[in-house]
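Thanks for coming, everyone. Please have a look at the structure on the screen, and then I will go through some of its side-chain pairs and how its chains are related.

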Number of protein chains: 2
Amino acid sequence: MVELFPSKEPTSTKQKILETAIDLFSVNGYSAVSVREITKHVGIKESAMYNHFKTKDEILDTIFDLFRNIQKRALPPIDKLEAILAVQSPQDFLAQGFENFRRTVEDPVLVKLWRILNIEQYRDARARQIIRQEVYVGTIAFLEEAFRLMVDKGRIKPLEPRMLAFEYQYPIFSIMTEYLLLKIDDQDTTDLDELVKAHIQTFTQQVTT
Amino acid sequence: MVELFPSKEPTSTKQKILETAIDLFSVNGYSAVSVREITKHVGIKESAMYNHFKTKDEILDTIFDLFRNIQKRALPPIDKLEAILAVQSPQDFLAQGFENFRRTVEDPVLVKLWRILNIEQYRDARARQIIRQEVYVGTIAFLEEAFRLMVDKGRIKPLEPRMLAFEYQYPIFSIMTEYLLLKIDDQDTTDLDELVKAHIQTFTQQVTT
DNA sequence: GTCTATACGAGGATAGAC
DNA sequence: GTCTATCCTCGTATAGAC
């Protein structure tokens with residue numbers, strides 16, 4: 001679970017503002033949510049908000065920072081990969097993709113953060129940069145190196161590491177988006193869980209046999 | 001190319017409003033664009049806009065209709081599949097995914113419509129419904145039936161049609177999103193073209209050999 | 001169809017008292 | 001830190017003249 005302000009005062013006004021903003025931005029988007037609306041939910045006047053954040057945009061900026069920091073820790077550093085793969089079979093390594101997926105979608109705050117980033121990425125260059133670097137580029141670089149190592153040690157079929165990374169990860173990105181949408185209307189998402197599982201199984205079989 | 005009002009008066013004010021709205025919504029999102037801003041670009045007063053659309057929301061609604069109609073024609077009807085596959089090899093059929101992708105991203109209006117739908121889908125139930133039905137459900141149903149037919153006739157390996165549809169299409173959805181993002185900053189997208197091509201090639205090889 | 005004029009609530013943000 | 005009061009701009013929308 002994501003702690004917004006780990007080990008600080010538990011429910012400061014600043015945190016309440018941030019939590020409320022996350023709630024509202026993740027449903028209506030930054031532009032359609034007003035400072036009035038946020039502070040009304042928190043139970044303070046608009047002016048009081050400006051003691052905690054200089055502008056409305058600074059709230060969004062804080063949210064982006066939060067997501068960036070979480071995302072940075074989502075995967076182990078690339079230089080630890082060799083050690084990880086020394087004690088983990090390719091099957092187990094690949095199966096972790098499902099755990100990562102579950103860990104994200106099970107965390108309500110993280111789901112909201114993902115939604116905000118997805119909504120704002122078209123309008124906001126910061127969001128776009130985070131999505132591109134921390135998500136797309138970061139994940140593919142990590143996986144590419146993992147597959148390269150596995151191929152080099154002859155633990156999987158000798159296919160192109162970059163293509164393997166893509167074929168493994170990109171379907172999961174799409175499912176993630178679908179998940180974020182379904183959850184808005186409180187629709188059932190067990191099919192998506194199964195889909196991720198089946199995809200990883202299919203993929204694992206293709207590269208190991 | 002998408003014609004907004006096929007064979008009507010070529011550049012009516014209504015069309016100019018619609019085109020401008022598409023331009024602006026696709027960059028800043030519906031909520032962050034004002035009627036003032038739209039009409040300023042068109043060269044009329046705010047009040048004049050209301051002779052063409054009852055409300056600002058009606059502009060968005062028109063945009064959704066437009067996208068829905070385009071999307072409906074993006075794929076042949078499912079009951080034509082048998083005839084199509086009778087004259088087309090699995091290889092050629094699958095290669096069409098690349099043509100479809102190219103046709104979409106080459107059309108500037110279509111790219112903007114996609115962006116608008118992607119931005120608004122979280123906030124707007126209509127957008128969400130279109131994305132789910134016309135895009136996700138529609139495409140997968142089409143492909144699933146195609147693969148079912150190909151499997152039944154022994155033209156590809158006997159794998160699960162639904163999984164094949166997913167493994168074929170979902171990576172392309174992700175690339176599409178990435179494309180929409182890259183193009184905002186006018187970045188190069190030839191890598192993505194190659195990625196789609198390579199994916200379809202990889203996939204085709206897996207199911208036919 | 002477009003314009004001017006106008007309504008009027010909502011928008012972000014600040015000053016200054018407590 | 002929070003409040004009241006206030007600023008001024010922007011937001012959608014309408015009425016009525018041309």
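**Salt bridges and symmetry**

I begin with A:Arg68, which forms a salt bridge with A:Asp65, their closest N and O atoms being 3.1 Å apart; the term requires a side-chain nitrogen of Lys or Arg within 4 Å of a carboxyl oxygen of Asp or Glu. This is a predicted model, in which local features need pLDDT of at least 70 and side-chain atom pairs count only at pLDDT 80 or more, while totals for chains, interfaces and linings use all residues. Residues are numbered from 1 along each chain as its sequence is written, chains are lettered from A and ligands numbered from 1 in the order in which they are written, and side-chain values use heavy atoms, with hydrogens and water left out.

A:Arg68 is partly exposed at 25% relative accessible area, and A:Asp65 is partly exposed at 35% (buried means under 20%, exposed over 50%, partly exposed in between, with a 1.4 Å probe and protein chains only).

By contrast, A:Arg102 and A:Asp193, whose side chains meet in a salt bridge at 2.8 Å, N to O, are both buried.

A:Asp57, A:Asp61, A:Asp124 and A:Arg126 are linked in a salt-bridge network, and the whole structure holds 32 salt bridges over all chains.

Turning to the two copies, a rotation of 180° with 0.0 Å of shift along its axis superposes chain A on chain B, with an RMSD of 0.0 Å, using least squares on C-alpha atoms of residues with pLDDT of at least 70 in both. The copies are thus related as by a two-fold rotation axis.
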